[in-house]
Amino acid sequence: MDAVHESAPLDDAAVRRIRNDFPVLSQQMAGRDLIYLDSGATSQNPISVMEAEQEFYEQRNAAVHRGAHSLAAEATDAFEDARTTVAGFVGAGEDELFWTSNATAGLNLLAYSFSNASVGTVSAEAARFALGPGDEVVVTEMEHHANLIPWQELCRRTGATLKFIPVDDDGALRLEEAAVLIGPRTKVLAFTHASNVLGIINPVAVLVALAREVGALVVLDACQSAPHLPLDVKALDVDFAVFSGHKMLAPTGIGAVYGRAELLNAMPPFLTGGSMITTVTMEAAEYLPSPARFEAGTQPVSQAVALASAVDYLRETGMDRVHAWESTLGQRLVAGLSAIDGIRVLGPKPGVERTGLAAFHVEGVHAHDVGQYLDAQGIAVRVGHHCAQPLHRRLGLTASTRASTYLYNTTDEVDALLEAVAEIRPYFRVGTGKEQ
Amino acid sequence: MQPNSAMDAMYQEIILDHAKLRSGSDLSAEEAAETSYDAGCGQVHQLNPVCGDEITLRLSVDGNTVESIHWLGDGCSISMASASILAQEAKGMTVEELRTLIGQFREVMRSRGSMVADEEVLGDAAALGGVSKFPARVKCAMLAWVAAEGALAQASTP
């Protein structure tokens with residue numbers, strides 16, 4: 001790409017050039033070109049990311065932070081450079097980001113670290129993370145199970161109470177309820193930045209302000225935002241944020257947790273063992289500061305290198321451009337779907353801000369059958385509850401179909417989906433006037 | 001739409017009809033919630049957590065004959081059609097005949113498309129043969145049959 005293209009907004013021509021970097025996309029499925037609209041579940045890797053991982057194994061693989069030989073030093077440099085790159089991508093300091101296998105692991109780690117601060121004897125600085133009876137954790141009704149169940153379990157273990165901010169019929173958080181729910185008892189406020197079902201981008205500033213008033217810790221699930229829009233955890237002023245590499249052009253097995261340095265150096269570790277200690281006796285151990293404090297045992301080194309390469313790819317493309325293009329695709333999806341008889345789109349109405357995804361219900365046809373029909377047209381979508389059963393229940397559904405785009409999807413692909421969706425109810429002999 | 005023979009073989013007319021008909025789906029929510037039943041009666045709940053397909057199936061036996069199958073369920077067209085066909089086919093069979101039918105149906109479903117579903121053996125359930133080419137959907141087709149297998153074991157245990 002030349003300089004002009006790099007600053008111009010993405011369009012179908014630019015996206016077609018991007019697609020050349022993703023070999024998996026240029027294949028046939030069910031006898032036609034694969035249309036991959038399931039990046040909300042997992043994204044595809046560009047060649048450069050796969051090469052970065054291979055290059056690491058071919059030239060620099062060794063145990064990091066151990067041993068004095070030169071290869072180990074090179075591997076350690078690659079590992080720590082990856083951290084600097086990924087931390088910089090989300091606006092974090094390099095001592096403020098540690099690796100996990102994915103966002104689910106990151107959220108569980110935080111919940112267990114808070115747990116560890118809640119039992120036995122802990123230092124005065126760790127006591128700020130402690131929860132007990134009378135304390136409250138607040139989540140939202142739209143959370144992915146990964147940002148719900150760890151908090152349910154934390155409350156069960158500590159005797160704290162879980163509360164949730166309800167959503168309205170369009171899926172938007174009822175902020176007037178949030179203002180009442182978040183109070184002096186609130187110790188933790190955990191919510192998603194962008195919904196994996198609704199495409200809604202939550203008002204982080206409003207929620208953070210409510211948490212700050214009462215001194216609650218803020219945990220942000222950035223799984224559906226870090227891959228798709230410019231993210232600055234410092235500007236958002238959250239205490240913790242988690243995201244998964246496989247949703248942002250990287251392989252599986254790598255994710256990260258951001259935490260404010262001051263908090264990470266006070267928080268008890270969850271996993272303990274090698275590489276995270278200073279002095280160990282038979283009775284006790286002292287721990288390293290962040291990030292090593294939270295990286296016990298051998299880390300996913302090549303995956304971290306690959307995630308840094310993915311971040312380079314996104315940065316070179318430009319997150320503003322990625323966000324703008326996906327907004328265009330999201331609006332095209334929701335406008336097109338809403339115009340089809342018997343289709344109910346979940347989340348914001350056409351014209352209202354949303355990310356590049358849309359989940360929908362086909363009246364009279366189960367989501368599983370919808371997915372089967374689309375698969376036969378070579379179109380890959382997600383069907384089911386998308387790990388958000390409470391949200392679906394609130395919206396009166398057990399399952400829905402979700403089409404989710406990324407920087408490599410074209411408007412033609414969105415249009416092909418819309419065309420296929422329009423055929424579904426007639427195919428299943430549902431609806432009026434269109435029976436075959 | 002361009003024709004897709006594998007998919008069309010799965011969604012045959014008879015399947016789509018049964019998915020709407022839902023024969024035998026007259027078990028009430030109150031009955032489904034009951035935990036003790038009359039002698040000769042068995043009831044099983046089956047849930048597929050992947051897609052949310054769900055069925056509660058009650059089967060009654062009179063002597064050695066399957067008297068009736070009633071069910072309450074929600075799910076995709078394959079799971080609902082399969083339950084509907086089962087309820088129709090099973091009625092009036094001997095306990096042994098139904099047990100054999102369930103075994104034969106399972107064998108076809110697990111064949112990954114390699115076995116031809118014989119209408120002489122499976123009756124209307126043969127129409128579900130096309131499902132076996134779609135491993136992700138076999139559970140949908142099996143849901144009611146697995147429930148019936150359990151209910152049959154309960155009902156025929158004195």
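Biologist: How many bridges join strand 1 of chain B to strand 2 of chain B?

Modeller: Please keep in mind throughout that this is a predicted model. Strand 1 of chain B and strand 2 of chain B run antiparallel, and one pair across them is Gln46(B), which stands opposite Ile55(B) in strand 2. The number of bridges that join strand 1 of chain B to strand 2 of chain B is eight.

Biologist: Which residue in the turn between strand 1 of chain B and strand 2 of chain B has a positive phi?

Modeller: Strand 1 and strand 2 of chain B form a hairpin, and four residues lie between them. In that turn a positive phi of about 85 degrees belongs to Gly52(B).

Biologist: Which residue in strand 3 of chain B does Val61(B) stand opposite?

Modeller: Strand 2 of chain B, residues 53-62, pairs with strand 3 of chain B in the antiparallel sense, and the pairing extends over nine bridges. Within strand 3 of chain B, the residue opposite Val61(B) is Val66(B).

Biologist: Turning to chain A, what distance separates the centres of domain 1 and domain 2 of chain A?

Modeller: Chain A is divided into domain 1, which takes in 12-47 and 318-427, and domain 2, which takes in 51-315. In the contact between them, 41 residues come from domain 1 of chain A and 35 residues from domain 2 of chain A. Taken over C-alpha atoms, the separation of the two centres is 28 Å.

Biologist: Why does helix 4 of chain A count as oblique to helix 11 of chain A?

Modeller: Helix 4 of chain A (residues 70-89) and helix 11 of chain A (residues 301-317) pack with their axes 8 Å apart, at an angle of about 40 degrees. Because angles under 35 degrees count as roughly parallel and those from 65 to 115 as roughly perpendicular, that angle makes the arrangement of helix 4 and helix 11 of chain A oblique.

Biologist: How many nonpolar residues are in the contact of helix 4 of chain A with helix 11 of chain A?

Modeller: Helix 4 of chain A passes helix 11 of chain A in a left-handed crossing. Among the residues that meet there are Phe79(A) and Val86(A) in helix 4 of chain A, and Leu307(A) and Asp312(A) in helix 11 of chain A. The contact includes two polar and two charged residues, and its nonpolar residues number 12.

Biologist: Is the crossing of helix 13 of chain A and helix 15 of chain A left-handed or right-handed?

Modeller: Helix 13 of chain A (residues 367-376) packs against helix 15 of chain A (residues 411-427) at an angle of about 125 degrees, with axes 10 Å apart, and that makes helix 13 of chain A oblique to helix 15 of chain A. The contact includes Tyr373(A) of helix 13 of chain A and Ile424(A) of helix 15 of chain A, and its residues divide into eight nonpolar, no polar and one charged. The crossing of helix 13 and helix 15 of chain A is right-handed.

Biologist: Which residue in strand 14 of chain A stands opposite Val345(A)?

Modeller: Strand 13 of chain A and strand 14 of chain A (residues 357-362) run antiparallel and are joined by three bridges. They belong to an open sheet of four strands in the order 13-14-17-16. In strand 14 of chain A, the residue opposite Val345(A) is Phe360(A).

Biologist: In which loop of chain A is Pro291(A) found?

Modeller: The peptide bond that leads from Ser290(A) to Pro291(A) is cis, with omega near 0 degrees. Pro291(A) is found in the loop between strand 12 (285-287) and helix 11 of chain A.

Methods. Residues are numbered from 1 along each chain as its sequence is written. Chains are lettered from A and ligands numbered from 1 in the order in which they are written. This is a predicted model: local features need pLDDT of at least 70, side-chain atom pairs count only at pLDDT 80 or more; totals for chains, interfaces and linings use all residues. Side-chain values use heavy atoms; hydrogens and water are left out. Axes are lines fitted to C-alpha atoms, for helices over the stretch in contact, and angles run from 0 to 180 degrees between N-to-C directions. Helices (H or I, at least four residues) and strands (E, at least two) are DSSP runs, numbered from the N terminus. Angles under 35 degrees count as roughly parallel, over 145 as roughly antiparallel, 65 to 115 as roughly perpendicular and the rest as oblique. A crossing is left-handed if the near helix is turned anticlockwise from the far one by less than a right angle, and right-handed if clockwise. Contact means heavy atoms within 4.5 Å. Ala, Val, Leu, Ile, Met, Phe, Trp, Tyr, Cys and Pro count as nonpolar, Asp, Glu, Lys and Arg as charged, and the others, Gly among them, as polar. Two strands pair if DSSP finds at least two bridges between them. Domain bounds come from an automatic or database domain assignment.
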